[in-house]
Amino acid sequence: MEKDFIDKIICGDSEELINTLPENFVNLIITSPPYFGCRVYGNETLGREENPLEYVEHIIKITTKLKRILHPNGSFYLNIGDVYFGSKGFSRNAGTWERKTDGHYKSHKIVKQDGKYLQHKQLLMLPERIAIGMQNEGWVLRNKIIWEKPNPIPSHSPDRRYPVYETIFHFVKSKKYFFDLKIAKELKNHRDVFKCGIEPFKEHHATFPINLITPLILTTSKENDIIFDPFMGAGTTAVASIQNNRRFIGFEINEQFCKEANERIKNQK
């Protein structure tokens, strides 16, 4: 039943749960899937592929499922971060440079260098490869949004500039869709560069900031529309939906995150 999903964060594998949602059911999708070779959130396989191109294919497979459940006048905001080949879990992250999250990388197998695309120090261009793959699947790319972070995670590389932004792609599945430019201008959210700081929540250090999500909801959905986040994490998309009189659906594979997110939204009702 449709009501079994609305205004709930459900713990489980989103790739399986998406299949249970009706066609054209949700009005807006906002999400940030696990990045390639980064943190482990549960028993997921997404982001743990040996080859980064396999990760690209995996994301595109999921977005094809999302296209089925998105309403024709809806939008899809996809936040994807890039990585450098060989940058996670290597011995140079020991001692002074060791990160709290280094344990996430030690069991991660990665394909060997080929001296071309796959070589150390190489920025993999994963967001762009995913976007092009989605275009080939029929998605229409309306904006490539730059999310600039005033407080990015520190970078210790001495031979390149510090990365301070991530990409958010605005996709639609039909050429007529809902978008309120007037509200965007009122919110000063009408340009394709957003400046918004990171806001960690408890043990989840890769959360969406409320101030990043709220303008997307207000400009690209109407009251009582259904907002969907298949990788809900700390529950920020749900919180922003509640605060702005929208319904929501969330899937999350990590049981602890699921519990914390459900506790968080209780305080919003």
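Author: Helix α2 (residues 52–69) and helix α3 (residues 126–136) pack at an angle of about 45°, and their axes are 9 Å apart; axes here are lines fitted to C-alpha atoms, for helices over the stretch in contact, with angles running from 0 to 180 degrees between N-to-C directions. That angle makes α2 oblique to α3, since angles under 35 degrees count as roughly parallel, over 145 as roughly antiparallel, 65 to 115 as roughly perpendicular and the rest as oblique. Helices are DSSP runs of H or I with at least four residues, numbered from the N terminus.

This is a predicted model, in which local features need pLDDT of at least 70 and side-chain atom pairs count only at pLDDT 80 or more, while totals for chains, interfaces and linings use all residues. Residues are numbered from 1 along each chain as its sequence is written, and side-chain values use heavy atoms, with hydrogens and water left out.

The crossing of α2 and α3 is right-handed, meaning that the near helix is turned clockwise from the far one by less than a right angle. On the α2 side, the contact (heavy atoms within 4.5 Å) is made by Pro52, Leu53, Tyr55, Val56, Ile59, Ile60 and Thr63, and α3 contributes Leu126, Arg129, Ile130, Gly133 and Met134. Sorted by class, the contact of α2 with α3 has 9 nonpolar, 2 polar and 1 charged residues; Ala, Val, Leu, Ile, Met, Phe, Trp, Tyr, Cys and Pro count as nonpolar, Asp, Glu, Lys and Arg as charged, and the others, Gly among them, as polar.

Key: Helices (H or I, at least four residues) and strands (E, at least two) are DSSP runs, numbered from the N terminus.
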